[in-house]
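Me: I would like to learn how to read a protein model, feature by feature. Could you take me through one?

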Amino acid sequence: MPEDTPRLVVGVVGAGTMGAGIAQAALQAGHQVLLHDVDAAAIRRGRDRIAGALVRSVDKGRITTEERDAYLAALRDVAELDAVAADADLIVEAALEDLSLKRSIFRQLDMNSLPDVPLATNTSALSVSAVAEATHHRERVLGLHFFNPAPVMPLVEVVATPETAHSVIEAAVAFASGLGKTPVVCGDSPGFIVNRVNRGFTLEPLRMLEAGEAGVPTIDAAVEAAGYPMGPFRLLDLVGIDVNLAVARSLFDAFDEAGRFRPSPIQLAMVEAGRLGRKTGGGFYRYGVNGDQLGPEPPAGLREASGSQAAGRGMGIDERAIVERVNLAIVNEAYRAVEERVAAPGDIDLAMRLGASHPLGPFERAGQMGLRSVVEGLRRLRATTADNSGDQYEIAPLLWQMATV
């Protein structure tokens with residue numbers, strides 16, 4: 001932490017994976033952390049998770065044993081939420097993705113903390129404004145969306161509602177920067193930047209798979225050869241197919257069931273079959289006891305006519321067309337997000353590079369491809385793709401406007 005960065009008392013509400021990760025990041029930035037959970041056992045597990053991560057950092061030479069001990073000494077378990085509210089300079093809530101639960105937490109925090117204490121939610125799918133409705137001081141509520149694993153991932157989406165005070169946004173940006181993160185400010189829109197703009201990275205390949213146009217290994221290999229660090233199906237297995245499905249459903253509902261966000265029936269079938277990815281030993285690939293990828297598995301939920309193709313090498317479209325469809329979906333959604341004033345083009349590019357590990361941001365990609373080529377590509381998909389009944393290939397109005405200037 002830079003010497004001129006103030007040391008804060010940071011409250012973290014929720015001691016699960018994300019809460020513990022945020023707490024660790026704050027500790028390593030020199031802050032004191034108050035860790036709270038309604039479940040005392042969860043606090044113990046969270047502390048153990050933090051301690052284990054710090055031990056591994058010592059073993060790798062990243063920190064000293066003295067630093068580890070100082071970080072753990074600055075971590076305080078707090079059983080009562082009111083005590084967090086009374087003592088913290090900034091509070092980050094990382095509880096379950098349940099709106100009524102989060103509202104209850106924020107109502108209590110709002111009543112028991114000073115009015116100038118920023119209250120942040122780490123939600124990835126819920127409306128920050130909806131959470132803030134439970135408070136009297138809505139101007140101090142915002143989103144601080146960390147990415148998993150929080151101590152490692154460099155991006156934090158700073159989500160401002162129309163009522164969030166500018167001073168609170170500035171304080172949140174300074175806090176995130178002090179953690180060594182890159183904050184990107186965005187509006188309170190479903191999925192924020194990354195979860196929304198990146199939806200086509202998995203949904204478009206799932207459409208290809210469902211139609212029998214290409215198989216799992218072929219799609220992953222094509223996308224990775226194009227510079228993405230991980231293919232969509234390997235990513236689904238890593239994140240958890242159930243987790244991805246929950247986000248897809250949330251966006252589908254939030255955007256009035258727009259076709260471009262429609263969850264794939266393959267996702268639902270995989271979840272119903274208990275094939276959630278690495279954590280269950282099998283998803284789109286099989287995994288050994290040590291987590292090593294063994295080989296592709298025939299996906300659940302495919303029509304008989306396409307099952308043999310999708311489980312094998314893939315047929316129907318070539319690797320260039322696979323990558324083009326993924327890129328076009330991402331670029332098109334990015335233009336929609338700008339048009340809706342979710343964030344500026346440069347901030348969306350930065351967020352997609354840091355939060356989704358894309359080799360290029362969508363506007364950088366559009367510049368490389370040429371806007372007219374992007375428009376023609378979407379037109380071609382609209383005319384030739386089997387599953388084109390929704391709005392997934394409708395050209396974003398801003399993209400059309402820019403391409404025809």
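This is a predicted model: local features need pLDDT of at least 70, side-chain atom pairs count only at pLDDT 80 or more; totals for chains, interfaces and linings use all residues.

Me: Let's start with sheets. In what order do the strands of the open sheet lie, and what is the pairing?

Reply: Strands of a sheet pair through backbone hydrogen bonds, either parallel or antiparallel. Here, eight strands form an open sheet with mixed pairing, in the order 3-2-1-4-5-6-7-8. Strand 3 (75–78) and strand 8 (182–187) are the edge strands, each pairing on one side only. On average, neighbouring strands of this sheet are turned by 25° against each other, direction ignored.

Me: Which helix packs on the sheet, touching strand 2 and strand 3?

Reply: That is helix 2 (residues 40–59), whose direction makes about 170° with that of strand 3.

Me: In which sense do strand 1 and strand 2 pair?

Reply: Strand 1 (residues 9–13) and strand 2 (residues 32–36) are joined in the parallel sense, over five bridges.

Me: Now helices. At what angle do helix 16 and helix 17 pack?

Reply: Helix 16 (residues 345–355) packs against helix 17 (residues 362–369) at about 105°, and their axes are 7 Å apart. The two helices are therefore roughly perpendicular. Pro 345, Ile 348, Asp 349, Met 352 and Arg 353 of helix 16 meet Pro 362, Phe 363 and Glu 364 of helix 17. The residues of this contact comprise five nonpolar, no polar and three charged.

Me: How many aromatic pairs are there in the whole structure, and how do I describe one?

Reply: A pair of aromatic rings is described by the distance of the centres and the angle of the planes. A search of the whole structure finds four pairs. In the pair of Phe 201 and Tyr 228, the ring centres are 5.3 Å apart and the planes stand at 45°, so this pair is tilted. Phe 201 belongs to helix 9 (residues 199–210), while Tyr 228 sits in the loop between helix 10 (216–225) and helix 11 (232–239), so the pair links distant parts of the chain, 27 residues apart.

Me: Is Phe 201 buried or exposed, and what about Tyr 228?

Reply: Phe 201 counts as buried because its relative accessibility is 3%. Tyr 228 is buried too, with a relative accessible area of 5%.

Terms used: Residues are numbered from 1 along each chain as its sequence is written. Side-chain values use heavy atoms; hydrogens and water are left out. Two strands pair if DSSP finds at least two bridges between them. Helices (H or I, at least four residues) and strands (E, at least two) are DSSP runs, numbered from the N terminus. Axes are lines fitted to C-alpha atoms, for helices over the stretch in contact, and angles run from 0 to 180 degrees between N-to-C directions. Contact means heavy atoms within 4.5 Å. Angles under 35 degrees count as roughly parallel, over 145 as roughly antiparallel, 65 to 115 as roughly perpendicular and the rest as oblique. Ala, Val, Leu, Ile, Met, Phe, Trp, Tyr, Cys and Pro count as nonpolar, Asp, Glu, Lys and Arg as charged, and the others, Gly among them, as polar. Rings of Phe, Tyr and Trp (its six-membered ring) pair if their centres lie within 6.5 Å; planes under 30 degrees apart count as stacked, over 60 as edge-to-face and the rest as tilted. Buried means under 20% relative accessible area, exposed over 50%, partly exposed in between (1.4 Å probe, protein chains only).
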